[in-house]
Amino acid sequence: MQPIQFIAYYYYSTAYYILLVFLCWFTTLYYVGSNGQKILHTEGSFSQGMAVLLTVLMIFFIGLRELARDFGDTIGYSIHYNNITRMTQYQPVSLKTEWLWENMQIFCRNVLGMNVHDFFVFVAFFYFGGMLLVSFLLMRKNLWIAMLLFFSAFNTFSYGVNGIRNGLACSIVLVAIAVLASTESHHTIKKVFCVILMIIAVCIHRSSMLPSVAALTALYFVKDTKWALRFWFASIIISLVAGPLVESFFSALGFDERMSRYSEGKNNEYYQSAVSSTGFRWDFLLYGAFPVLLTWYVSSYRKFKDRAFSVIANTYLFCSAFWIMVIRASFSNRFAYLSWFIYPLVFAYPLLRMNLWKDQDRRTALILFAYSGFTFFMFFIYYFGTTGFRGFDQYWWR
């Protein structure tokens, strides 16, 4: 396959976000006038089909992007992939290395004969396909809104074109979390399957060990969301009081060699020039707090008891707490993603599965409006505030 030519690479992010905000706000208009709960009970095959169609569109749109610096690590991945030859040896199986990612590239290149664009489509298929499968497992009655929440999440585009290996691994973990959340206690085979998925994810990107361990902890050890909420709030205090010590502790554990590099980056001129800011990121904390607020509302204020939501919410809280404790590290957004990839699911599950309000249609529509609006606003701030809507002033106004 060849890259998409009818949209220039510098318009890609603009086209993506404008399309998503249009779809989200159009859906908002459809539901905002309703005082009922159609959103909980109506299973529309048309909307489900549209969700699948949109997912397929995104797979090819993201997978067939050009090889350009605007897509971050895309160029690095493409160079590495194109350097694979018949002489390239498969890496041995080891839980200490990310052997699966390397061997997958060698297999796709030498056995399947994929060019780099085919390979990116392959990765995007599992990245977005994982989100679709999760939505189908947990929220099939409203697949459309569930997928809009995933697509319009703050980091979805970035980890589809930049940190694609991390994004792929986290999507696999997301499927494991969904299966665990929807599995009864006696279904041992399904739980073993989830552990296998987690091992696969870790062998693609070792950082996925964090959400994997967090999900198993939420399933077996800390089942009460109140304790997870307390731990999340405690992590803020720990970070403010002893953040550097905690950061050094996690680095010493060898959790991921990137952890050490990013922690040391605060004193490295190259890393300092590569990130917008370091220190305690109150803006990131505020963004990550919205699912916490919803979790508190559902589990503590309204006192809903839902095993699946407890597993999902507690996993998010544990991952977010870890990130808060290392929030001062350079590139801390990469650690934030280890909780933010669960962000859409924490919103989608209660809004589309739990009877929270009599006018659930209207409130869900307003939340979708604000949710997608925030993402579009951040895109506007980051891009329009510096270079305009990606490419507008750089290529039109000269």
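Which residues form one aromatic cluster? Phe154, Phe284, Tyr287, Tyr316, Trp323, Trp340, Tyr343, Phe347, Tyr371 and Phe374 do.

## Model and conventions

This is a predicted model, in which local features need pLDDT of at least 70 and side-chain atom pairs count only at pLDDT 80 or more, while totals for chains, interfaces and linings use all residues. Residues are numbered from 1 along each chain as its sequence is written, and side-chain values use heavy atoms, with hydrogens and water left out.

## Overall fold

The protein chain has 20 helices and zero strands. Helices (H or I, at least four residues) and strands (E, at least two) are DSSP runs, numbered from the N terminus. Of the 398 residues in the protein chain, 56% are buried. Buried means under 20% relative accessible area, exposed over 50%, and partly exposed in between (1.4 Å probe, protein chains only).

Among contacts in the protein chain with a separation of 6 or more, 81% are between residues 24 or more positions apart. Contact means heavy atoms within 4.5 Å.

## Aromatic pairs

A pair of aromatic rings is described by the distance of the centres and the angle of the planes. Rings of Phe, Tyr and Trp (its six-membered ring) pair if their centres lie within 6.5 Å; planes under 30 degrees apart count as stacked, over 60 as edge-to-face and the rest as tilted. The count by this rule is 42 aromatic pairs. In one of them, the ring centres of Tyr16 and Tyr17 are 5.4 Å apart and the planes stand at 90 degrees, so the pair is edge-to-face. Tyr16 is buried, at a relative accessible area of 1%, and Tyr17 also counts as buried, at 10%.

The rings of Tyr81 and Phe119 are stacked, because their centres are 4.7 Å apart and their planes are at 20 degrees. This pair links distant parts of the chain, with Tyr81 in helix α4 (residues 74–82) and Phe119 in helix α6 (residues 116–139), 38 residues apart. Tyr81 and Phe119 are both buried.

Gln105 belongs to helix α5 (residues 99–111) and counts as buried, at 1% relative accessibility. Not counting residues up to four places away in sequence, Gln105 touches Tyr77, His80, Tyr81, Ile84 and Phe119. Both rings of the stacked pair, Tyr81 and Phe119, thus belong to residues that Gln105 touches.

## Charges over rings

A charge sits over a ring if NZ of Lys or CZ of Arg is within 6 Å of the ring centre and within 35 degrees of the ring normal. The charged end of Arg65 is placed over the ring of Phe120, 4.4 Å from the ring centre. Arg140 lies over the face of Phe136, where the distance to the ring centre is 4.3 Å.

## Cavities

The whole structure holds two cavities of 30 Å³ or more. On a 1 Å grid over the protein atoms alone, a cavity is a set of points where a 1.4 Å probe fits but cannot get out, and lining residues have an atom within 4 Å of a point. Grid points are joined across faces, edges and corners, and a volume is the space filled by probe spheres set on the points. The largest cavity has a volume of about 110 Å³. Its lining has 15 residues, of which Thr156, Tyr337, Trp340, Phe341 and Pro344 are the closest to the centre. Two or more lining residues come from each of α9 (164–182), α17 (332–340) and α18 (343–353), and α9 gives the largest share, three residues. By class, the lining of the largest cavity has 12 nonpolar, three polar and no charged residues. Ala, Val, Leu, Ile, Met, Phe, Trp, Tyr, Cys and Pro count as nonpolar, Asp, Glu, Lys and Arg as charged, and the others, Gly among them, as polar.

The second largest cavity contains about 50 Å³ of space. The residues that line the second largest cavity are Tyr16, Tyr17, Leu20, Val21, Phe151, Ser152, Ser372, Thr375 and Phe376. Helices α1 (12–31) and α19 (360–384) each supply at least two residues of this lining, with the largest share, four residues, from α1. Six residues of the lining are nonpolar, three polar and none charged.

Cys319 is in helix α16 and is buried, with a relative accessible area of 0%. Leaving aside neighbours within four places in sequence, Cys319 is in contact with Leu210, Pro211, Ala214, Leu338, Ser339 and Ile342. From C-alpha to C-alpha, Cys319 and Tyr337 are 9.2 Å apart in space, and they are 18 residues apart in sequence.

Lys303 lies in the loop between α15 (282–301) and α16 (307–325). Lys303 is exposed, with a relative accessible area of 56%. The phi of Lys303 is near 60 degrees, a positive value in a residue other than glycine.

Terms used
On a 1 Å grid over the protein atoms alone, a cavity is a set of points where a 1.4 Å probe fits but cannot get out, and a pocket is an open set with protein on both sides within 12 Å along at least five of seven lines; lining residues have an atom within 4 Å of a point.
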